[in-house]
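Here are my notes on the model, as numbered points. Have the sequence and the 3D view open while you read.

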Amino acid sequence: MTLTAALAPAAWGTTYLVTTQLLPEHRPMLAAVLRSLPAGLILLAIGRKLPRGRWWGRAAVLGMLNIGLFMPLIFIGAYRLPGGVASTIGAIQPLLVAFLSIPVLSLRPTRQALLAGLVGVAGVALMVLKSGARLDGPGVAAMVGGIALMAMGTVLARRWGRPEGVSMLDLTSWQLVIGGLFLVPVAAFTEGAPPALTGANLLGFAYLGLFGTALAYVLWFRGIDRLGAGPASFLGLINPVVATTGGLLVLDQTLTAWQLLGLLLALGALVAGQPRAPRRAVQAPQEAPAPQPVPVEV
């Protein structure tokens, strides 16, 4: 389960590379719409289920937190900040999830989780920050706001779970469609009519929509459901690791000793943030009592 859930932030780690190499320039809202709405409609056509009762409201809340408000703020941060600064701000998500879990899930973060969160931020900072990094106030505010919104969406997704008889594919489709529909007028108002798309643009949007959104979000929400909000949030540290690796392989960037140390710290924090598997007590052959469930901290 951890490995499949990790595919989501790994896919998101390729977003910066795909955006800069394949998508139209300076069209963040268009990118958000074409990334979310088509993917949501495809998943909705597959699942063919709509929310019922109170889940209309819950789906709207999750759709706005995880898609409708999150994506525009992240794109604003990405366009106004260097990639290193944006990635470092994104690494605070495990800490935000840990603190939000106290009032929402009634779970207190362990010292190990808090320490792993701090080490993860430090590791990502070493990987991507440079001494000349430019800090833009609105960009930083947008990035922090976006990460905080998704952290709350992660915690609420864990608290609410999903309705009986509804798959994770259905729940994901609701959020993508609601968030995508909200973004359509936002994109039209801020950017006007979309430009003519090239073959490279279509390839980039297809990749982001199918792999980086439809599949990635299904795996992400399933990971939250199975692993818990806290451990799943630590998997987000894979995002800057993949982004850095992509720069090395595709853009011929180099890796310094400090960046290598940062990568190791980020990976160590990711592992430390996962719950330990419960140990099975050794039973006497003649007794062989049934194993008791062991609660796992989130």
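1. Asp225 comes out as partly exposed, with 26% relative accessibility. Arg162 counts as partly exposed too, at 33%. Here buried means under 20% relative accessible area, exposed means over 50%, and partly exposed is in between, using a 1.4 Å probe and protein chains only. A word on the source: this is a predicted model, where local features need pLDDT of at least 70 and side-chain atom pairs count only at pLDDT 80 or more, while totals for chains, interfaces and linings use all residues. Residues are numbered from 1 along each chain as its sequence is written, and side-chain values use heavy atoms, with hydrogens and water left out.

2. How many salt bridges are there? The count is two, taking a salt bridge as a side-chain nitrogen of Lys or Arg within 4 Å of a carboxyl oxygen of Asp or Glu. Arg162 pairs with Asp225, with the closest N and O atoms 4.0 Å apart. Arg162 sits in the loop between helix H9 (137-160) and H10, and Asp225 in helix H11, so this bridge ties together parts that are 63 residues apart in sequence. Helices here are DSSP runs (H or I, at least four residues), numbered from the N terminus.

3. Asp225 also meets Arg226 in a salt bridge, again 4.0 Å from N to O. That links Arg162, Asp225 and Arg226 in a network.

4. Now have a look at Glu191, in helix H10. Glu191 is buried yet has no salt bridge; Arg27, the nearest side chain of opposite charge, is 4.2 Å away. For that search Lys and Arg count as positive and Asp and Glu as negative, with His and the chain ends not counted. Leaving aside neighbours within four places in sequence, Glu191 is in contact (heavy atoms within 4.5 Å) with His26, Arg27, Pro28, Met29 and Leu30.

5. On to the rings: the structure holds five aromatic pairs. Rings of Phe, Tyr and Trp (its six-membered ring) pair if their centres lie within 6.5 Å; planes under 30 degrees apart are stacked, over 60 edge-to-face, and the rest tilted. Trp55 and Trp174 have centres 6.5 Å apart and planes at 55°, so they count as tilted. Trp55 belongs to helix H4 (residues 55-68) and Trp174 to helix H10 (residues 168-191), so the pair ties together parts 119 residues apart in sequence. Both are buried.

6. Arg58 lies over the face of Trp55, 5.3 Å from the ring centre. The rule asks for NZ of Lys or CZ of Arg within 6 Å of the ring centre and within 35 degrees of the ring normal.

7. Tyr217 and Phe221 make another tilted pair, at 5.8 Å centre to centre and 35° between the planes. Both lie in helix H11, four residues apart, about one turn of the helix. Tyr217 is buried at 1% relative accessible area, and Phe221 at 3%. With Trp12 and Trp220, they form one aromatic cluster.

8. Which residues touch the most other members of the largest nonpolar core? Of its 67 residues, they are Trp12, Tyr217, Trp220, Phe221, Leu235 and Leu237. Helix H11 (residues 199-227) gives the most, with ten residues. Such a core is a set of buried Ala, Val, Leu, Ile, Met, Phe, Trp, Tyr and Cys residues joined through side-chain atoms within 4.5 Å.

Key. Helices (H or I, at least four residues) and strands (E, at least two) are DSSP runs, numbered from the N terminus.
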